[in-house]
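Hello,

Here is the structure for you to look over. Please open it first, then read the notes below.

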Amino acid sequence: MALTLDDLEMIQERLKDPTKFAAAHALETASASVWIASGLAKISAAYGAALVEQHVGFPSKLTSAMDYCQKPLLRALPVLVSLKGRHEDAVGVAQSIVNRSSPASVLITGEPEGPAAQTLRAGRLTPCIVSASFPARDRRFVNCGSIFMLSALAYQLVRQAFGSDLIGVVDEYDLAQAFSRAAEGTHAIAQGIAAVERWQDKQLIILGQGLGSELTLPWQSIFAEAGIATATCLDLKDYTHGDHAATVRANNAIFLMIPHPGTEEMVRIFTERFVTRFPVLVAPLASSGPTRFWENLFYCCNTADALTHRLGYGGHRPPKDPTVHGWRGWGGGSGVAATSGILSGATLASS
């Protein structure tokens, strides 16, 4: 399994950390919030936004850095989630927050002195920064430790803002039970996917509740960054309205169902009908409240690890293509070489 008892202990310690965050007041008094993140940080941002909407009822949504910066009139409390606050996306969002003179802002990060934090501090108002120490360096298929850290901070912030009675407590025992269930149940999901002939070439469709759900998003983000599959996340109810037509025609999909509270009967009916044509797998989540997110995340990480072994890179990240990654200094290619390649491709395309 990808996850170990060390991971569980680290998460438990962070979830019960007594540190008080001044940012809790900003979130509590905001009539609406927008959680902004890129990359794997989206997982934690989606968790925070979902906790607010589900348990408090205040409008609170996840958005991308580009989307936020393109909406300068948006006045909801900005909650920026970034591991180090160094990426140009995070710095750009911080500058956008300053430019629109937001009366308050929150940054959830592991680096409170990073460029994004410094940009926010240069504005007219002092930002509220929520931070914790970085986890140990993580060389797994994705940086699982960073997801755990940022997600724990998002939970702590929301819990402190609105209280445990409203948000719910992630009980240490319940979390351990969820961890054990995921460790035992992952094999069925991974084996179910890998048993499909040419599964690497199939379209993985993840069905859950809503678009950008905090339960479906981890599967999409982690599977994509781990090089396993570019999964598509869709709303289950919308899918049954007609979005399934093209998939039925192509007959090239694997379905992964993520049950949300109240959708169990719909999941059962969908599975019974579609399993006659497609592989359909269900993540058997048993937890409720804020713990359900963690159980789902445990299933996702363990399944991803198992599938990387099937793909031949054994729990690690896939090799980076020098041309694709070189355009931003990633991988082994140079930016100049990558740019030349793009120009050559453009020339060929127009000729």
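Rings of Phe, Tyr and Trp (its six-membered ring) count as a pair if their centres lie within 6.5 Å; planes under 30 degrees apart are stacked, over 60 edge-to-face, and the rest tilted. By that rule, the structure holds 14 aromatic pairs.

Some ground rules. This is a predicted model, in which local features need pLDDT of at least 70 and side-chain atom pairs count only at pLDDT 80 or more, while totals for chains, interfaces and linings use all residues. Residues are numbered from 1 along each chain as its sequence is written, and side-chain values use heavy atoms, with hydrogens and water left out.

**Aromatic residues**

Take Y239 and F274. Their rings form a tilted pair, 6.4 Å centre to centre, with 50° between the planes. Y239 sits in helix 11 (residues 236-243) and F274 in helix 13 (residues 264-274). They are 35 residues apart, so this pair links distant parts of the chain. Helices (H or I, at least four residues) and strands (E, at least two) are DSSP runs, numbered from the N terminus.

Y239 has 1% relative accessibility, so it counts as buried. F274 is at 15% and therefore counts as buried too.

F255 and F270 form an edge-to-face pair: 5.4 Å centre to centre, 75° between the planes. F255 lies in strand 8 (residues 253-257) and F270 in helix 13, 15 residues apart. F255 is buried at 0% relative accessible area. F270 is buried at 4%.

**Helix 3 and helix 7**

Helix 3 (residues 41-55) packs on helix 7 (residues 144-162) at about 20°, with the axes 8 Å apart. Axes are lines fitted to C-alpha atoms, for helices over the stretch in contact, and angles run from 0 to 180 degrees between N-to-C directions. The two helices are therefore roughly parallel (angles under 35 degrees; over 145 is roughly antiparallel, 65 to 115 roughly perpendicular, the rest oblique).

Which residues meet in helix 3 and helix 7? From helix 3: A41, I43, S44, Y47, G48, L51 and V52. From helix 7: I147, L150, S151, A154, Y155, V158 and F162. Contact means heavy atoms within 4.5 Å.

**Helix 10**

In helix 10 (residues 217-225), the buried residues include L217, W219 and F223. G227 follows helix 10, with a positive phi near 75°.

Best wishes

Note on methods. Buried < 20%, exposed > 50% of the residue type's maximum accessible area, 1.4 Å probe, protein only.
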